[in-house]
Amino acid sequence: MSNVKKYHMITYGCQANVADSERIASQLETMRYKKAKKADGADLIVLNACSVRQSAIDRLYAKVNQFKNKKIILTGCILPTDRKKLKNQAAAIWHPDEYFDLIPNYSHFPIAYIPIMTGCNNFCTFCAVPYTRGRERSRPAKEIVKEVSNLVKKDYKEIWLLGQNVNSYPNFPDLLRKVNNIPGDFKIYFMSPHPKDFSDDLIKAMKECKKVVHSLNLPLQSGDNKILRAMNRPYTVGYYKRLVKKIRKAIPDIFLSTDIIVGFPGETKKQFQNTVKLCKELKFNKAYISRYSPRRGTAAAKLKNNVSLEEKKQRWKILNDLINNN
């Protein structure tokens with residue numbers, strides 16, 4: 001048994017990366033690798049990276065250095081500049097597209113993470129995803145329904161449909177209905193949607209489909225129109241407010257969370273106060289608040305990062321206290 005090759009996986013970032021890691025594990029096990037619980041006992045280290053924040057990439061570089069005496073495979077959201085710097089330190093760099101269609105080794109029973117699309121066509125100025133995952137690509141609905149059906153037969157209770165822009169999936173409301181119609185006792189979640197693609201039919205599907213949980217993360221990012229334009233978010237505050245109103249009217253018990261970035265380049269105190277005012281008005285149940293950090297290669301990285309770290313921390317605290325600590 002001493003000839004058995006072992007791998008150890010370290011995953012950073014969101015559920016999409018977790019789902020990717022399950023697919024990579026499946027690929028490695030077809031290559032006769034066995035899973036090692038600890039890095040010390042592994043011949044191969046797989047680092048599944050996240051480029052959303054600089055701190056996550058800093059951790060990746062530290063890990064590459066830590067495991068420089070082992071065989072390393074890098075994957076996940078890695079910007080082209082980082083790929084270039086790291087290519088000589090890794091045995092291979094895999095692109096997320098390479099295992100998108102693989103059957104995974106599910107590892108979070110009774111929860112299953114199912115990517116229905118990958119990549120993004122939106123090019124928000126702060127975001128690295130189009131540069132790390134490429135353009136949008138969707139899986140056939142038939143394939144997704146088959147995967148969910150098999151999982152439900154194995155007694156999985158939570159099905160998470162995932163995508164960087166999940167509701168730009170072709171006829172997403174129809175897919176929700178198809179998954180909802182699979183016989184069995186399970187719940188359906190999805191993330192992350194984009195406000196611009198949130199159709200009336202999707203609201204109707206969420207209301208009608210009994211298995212779809214009334215929980216929604218609807219990223220706002222900023223409550224100021226000028227900052228939204230600078231972020232290349234193609235909606236206005238007015239549009240977002242009307243959308244929330246429609247959702248709450250159709251689904252009164254909705255648990256509504258959001259994503260907000262504070263300290264985007266050029267954000268004035270008044271513009272930040274517009275975000276505070278909107279959050280007071282919309283009364284989110286929860287918010288995932290980020291302090292802006294520039295990502296190399298994105299459009300916003302060329303802008304002057306002129307909000308101090310201290311100011312970002314203060315703005316973060318104000319919103320966090322308002323939404324998450326009340």
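The paragraphs below describe helix packing, nonpolar cores and selected backbone features of a predicted model.

In this predicted model, local features need pLDDT of at least 70 and side-chain atom pairs count only at pLDDT 80 or more, whereas totals for chains, interfaces and linings use all residues. Residues are numbered from 1 along each chain as its sequence is written, and side-chain values use heavy atoms, with hydrogens and water left out.

Helix packing comes first. Helices and strands are DSSP runs numbered from the N terminus (helices are H or I, at least four residues; strands are E, at least two). The axes of helix H7 (residues 200-208) and helix H9 (residues 237-250) come within 10 Å and cross at roughly 25°. Such axes are lines fitted to C-alpha atoms, for helices over the stretch in contact, and angles run from 0 to 180 degrees between N-to-C directions. Asp200, Ile203 and Lys207 of H7 form the contact with Leu243, Lys246, Ile247 and Ala250 of H9, where contact means heavy atoms within 4.5 Å. By class, these residues are four nonpolar, no polar and three charged. In this division Ala, Val, Leu, Ile, Met, Phe, Trp, Tyr, Cys and Pro count as nonpolar, Asp, Glu, Lys and Arg as charged, and the others, Gly among them, as polar.

H9 also packs against helix H10 (residues 269-282), at an angle of about 15° and with the axes 12 Å apart. H9 and H10 are therefore roughly parallel to each other. From H9, the contact draws on Val237, Tyr240, Lys241, Val244 and Arg248, and from H10 on Leu278, Glu281 and Leu282. Five of the residues in this contact are nonpolar, none is polar and three are charged.

The nonpolar cores come next. A nonpolar core is a set of buried Ala, Val, Leu, Ile, Met, Phe, Trp, Tyr and Cys residues joined through side-chain atoms within 4.5 Å. Buried means under 20% relative accessible area, exposed over 50% and partly exposed in between (1.4 Å probe, protein chains only). The largest core has 53 residues, and Leu161, Phe172, Leu176 and Phe190 have the most contacts inside it. Beyond its neighbours within four places in sequence, Leu176 contacts Leu161, Ile188, Phe190, Leu202, Ala205, Met206, Cys209 and Val212. A second, separate core of 19 residues includes Leu47, Ala49, Ala56 and Ile57.

Strand S11 (residues 215-217) contains Asn217, which counts as buried at 9% relative accessibility. Not counting residues up to four places away in sequence, Asn217 touches Pro193, Ser257, Thr258, Asp259 and Tyr288. Gln221 counts as buried at 8% relative accessibility. Asn232, in the loop between H8 and H9, also has a positive phi, near 60°. With 34% relative accessibility, Asn232 counts as partly exposed.

The bond from Phe109 to Pro110 is cis, with omega near 5°, and Pro110 lies in the loop between strand S5 (92-93) and strand S6 (111-115). The bond from Met191 to Ser192 is cis, with omega near -10°, and Ser192 lies in the loop between strand S10 (187-191) and H7.

Technical notes. Angles under 35 degrees count as roughly parallel, over 145 as roughly antiparallel, 65 to 115 as roughly perpendicular and the rest as oblique.
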